[in-house]
Amino acid sequence: MEEGRKQLAASAGFRRLVTVALHRGQQYEGMESIQAELSARVLELAPAGMPAQQQVPFLSVGGDIGVRTVQHQDCSPLSGDYVIEDVQGDDRRYFRRLIFLSNRNVVQSEARLLQDVSHRVQKKRKKDRKKQRPVDPAEDPTIAPGQSIDKSYLCCEHHKAMIAGLALLRNPELLLETPLALLVVGLGGGSLPLFVHDHFPKCCVDAVEIDPSMLEVATQWFGFSQSDRMKVHIADGLDYITSLAGAEVRPRYDVIMFDVDSKDPTLGMSCPPAAFVEQPFLQKVKSILSPEGVFILNLVCRDVGLKDSVLARLKAVFPLLYVRRIEDEVNEILFCQLHPERKLAMPELLEMAQALQRALRKPGQAWDDTYILSDMLKSVKIV
């Protein structure tokens with residue numbers, strides 16, 4: 001959006017910014033070849049009086065130029081056209097991504113592959129091209145994603161922060177042995193609810209997703225599966241929570257997570273949709289949260305005034321509000337609780353995060369060594 005481009009130009013220290021999108025279906029050898037192709041055109045747009053030898057800086061987003069394998073393309077009636085692709089990251093590991101083509105610069109979901117599946121698929125395609133026979137995904141076992149997803153690895157920094165927020169539940173050493181009820185609104189590729197399900201053996205997860213196509217995507221391409229402890233409800237999150245709040249016997253969730261994107265990018269807030277942070281609806285969320293529970297919200301909002309308004313509404317319903325900004329991203333993770341007297345000083349919060357990580361890193365349980373829960377909470381601020 002325009003606001004984001006202005007912020008980018010300001011942070012780079014320049015008054016003039018050209019944004020360039022790399023198109024799917026084209027091959028790019030690398031940033032050097034892209035710069036060579038663009039340089040002459042960029043200089044045509046230079047302001048008058050610029051020195052002839054002036055160097056024009058290039059900024060790039062992502063390190064996956066040229067190494068991209070589209071695994072699946074389809075169209076959802078709710079989300080529009082989308083693509084599932086495997087890309088090679090900076091560390092030469094492969095990652096699977098879900099991209100909505102209506103917002104193609106945003107990775108909706110991402111998972112790391114256990115093996116270089118894309119590389120093997122590409123080699124097979126080259127071999128089949130020599131034989132002049134196209135690859136049939138249905139007969140190629142390397143494309144079957146359920147066996148290739150590293151379910152212990154969280155790619156998204158905001159997902160890591162949301163998991164770290166479970167330390168606010170207190171008694172972290174006991175969380176793995178305590179029955180926990182979680183509600184996650186927004187499924188995507190399913191990595192967030194799946195991580196909770198796999199690492200907290202006594203928890204029960206209700207995931208709510210408005211788009212049935214996303215459940216199919218998560219199951220077929222991101223290794224997601226339902227179980228007796230993991231149920232997906234195809235419904236509008238607003239309607240689902242409203243129904244629970246109005247039930248004769250209300251459920252009580254220990255954790256409620258919102259990780260749901262807005263379909264309208266013009267509002268200045270891309271996550272969550274505006275209706276999810278209206279005060280009457282937040283009261284309904286409060287009514288199904290256990291007294292000692294935590295409500296965790298992924299907020300993506302560039303509009304400072306709108307963000308302040310959202311924080312004020314949250315604070316009116318949840319008096320204890322922690323904010324964790326995600327470095328180099330617009331995301332902010334909000335941890336909301338009902339009792340301000342339970343406010344934790346930073347040393348105690350970090351100690352609880354460390355205790356939770358010790359409990360999670362039990363023998364036989366895969367764990368990403370780069371993921372340190374206490375680091376996720378070091379920059380938390382109380383609003």
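A residue is called buried when its relative accessible area is under 20%, exposed when it is over 50%, and partly exposed in between, with a 1.4 Å probe and protein chains only. By that definition Val-285 is buried, with a relative accessible area of 0%, and 46% of the 383 residues of the protein chain count as buried. The model is predicted, so local features need pLDDT of at least 70 and side-chain atom pairs count only at pLDDT 80 or more, while totals for chains, interfaces and linings use all residues. Residues are numbered from 1 along each chain as its sequence is written, and side-chain values use heavy atoms, with hydrogens and water left out.

**Overall composition**

- The protein chain holds 11 helices and 13 strands; helices (H or I, at least four residues) and strands (E, at least two) are DSSP runs, numbered from the N terminus.
- Among contacts in the protein chain with a separation of 6 or more, 65% come from residues 24 or more positions apart; contact here means heavy atoms within 4.5 Å.

- An open sheet is built from 4 strands in the order 1-2-3-4, with antiparallel pairing; two strands pair if DSSP finds at least two bridges between them.
- Strand 1 (68-76) and strand 4 (107-112) are the edge strands, each pairing on one side only.
- From one strand to the next, the twist averages 15°, where axes are lines fitted to C-alpha atoms, for helices over the stretch in contact, and angles run from 0 to 180 degrees between N-to-C directions.
- Strand 2 (residues 80-88) is joined to strand 3 in the antiparallel sense by 7 bridges, and Asp-86 has Arg-96 of strand 3 as its bridge partner.
- Strand 3 (residues 94-100) and strand 4 run antiparallel and share 5 bridges; the two form a hairpin with 6 residues between them.
- Within this pairing, Ile-99 has Val-107 as its bridge partner in strand 4, and Arg-97 stands opposite Glu-110.

**Burial of strand 3**

- Strand 3 is largely enclosed by the rest of the structure, because 7 of its 7 residues are buried.
- In a regular strand, side chains alternate between the two faces of the sheet.
- Both faces of strand 3 are covered: Tyr-94, Arg-96, Leu-98 and Phe-100 are buried on one side, and Phe-95, Arg-97 and Ile-99 are buried on the other.

- Leaving aside neighbours within four places in sequence, Val-285 is in contact with Ile-241, Ile-256, Phe-258, Phe-295 and Phe-318.
- Val-285 and Thr-242 are 43 residues apart in sequence, and their C-alpha atoms are 8.3 Å apart in space.
- Pro-272 is found in the loop between strand 9 (269-271) and helix 8 (279-287).
- The peptide bond joining Cys-271 and Pro-272 is cis, with omega of about -5°.
- Most peptide bonds, by contrast, are trans.

**Arg-5 in helix 1**

- Arg-5 belongs to helix 1 (residues 2-12) and is partly exposed, with a relative accessible area of 40%.
- Not counting residues up to four places away in sequence, Arg-5 touches Leu-17 and Thr-19.
- Arg-5 and Leu-17 are 12 residues apart in sequence and 7.9 Å apart in space, C-alpha to C-alpha.

**The cavity**

- On a 1 Å grid over the protein atoms alone, a cavity is a set of points where a 1.4 Å probe fits but cannot get out, and lining residues have an atom within 4 Å of a point.
- Grid points are joined across faces, edges and corners, and a volume is the space filled by probe spheres set on the points.
- The count comes to 1 cavity of 30 Å³ or more, and the largest cavity holds about 80 Å³ of space.
- The residues lining the largest cavity include Ala-111, Ile-149, Asp-150, Lys-151, Tyr-153 and Phe-222.
- Helix 5 (residues 191-199) gives the largest share of this lining, 3 residues.
- By class, the lining has 7 nonpolar, 3 polar and 2 charged residues; Ala, Val, Leu, Ile, Met, Phe, Trp, Tyr, Cys and Pro count as nonpolar, Asp, Glu, Lys and Arg as charged, and the others, Gly among them, as polar.

Terms used:
On a 1 Å grid over the protein atoms alone, a cavity is a set of points where a 1.4 Å probe fits but cannot get out, and a pocket is an open set with protein on both sides within 12 Å along at least five of seven lines; lining residues have an atom within 4 Å of a point.
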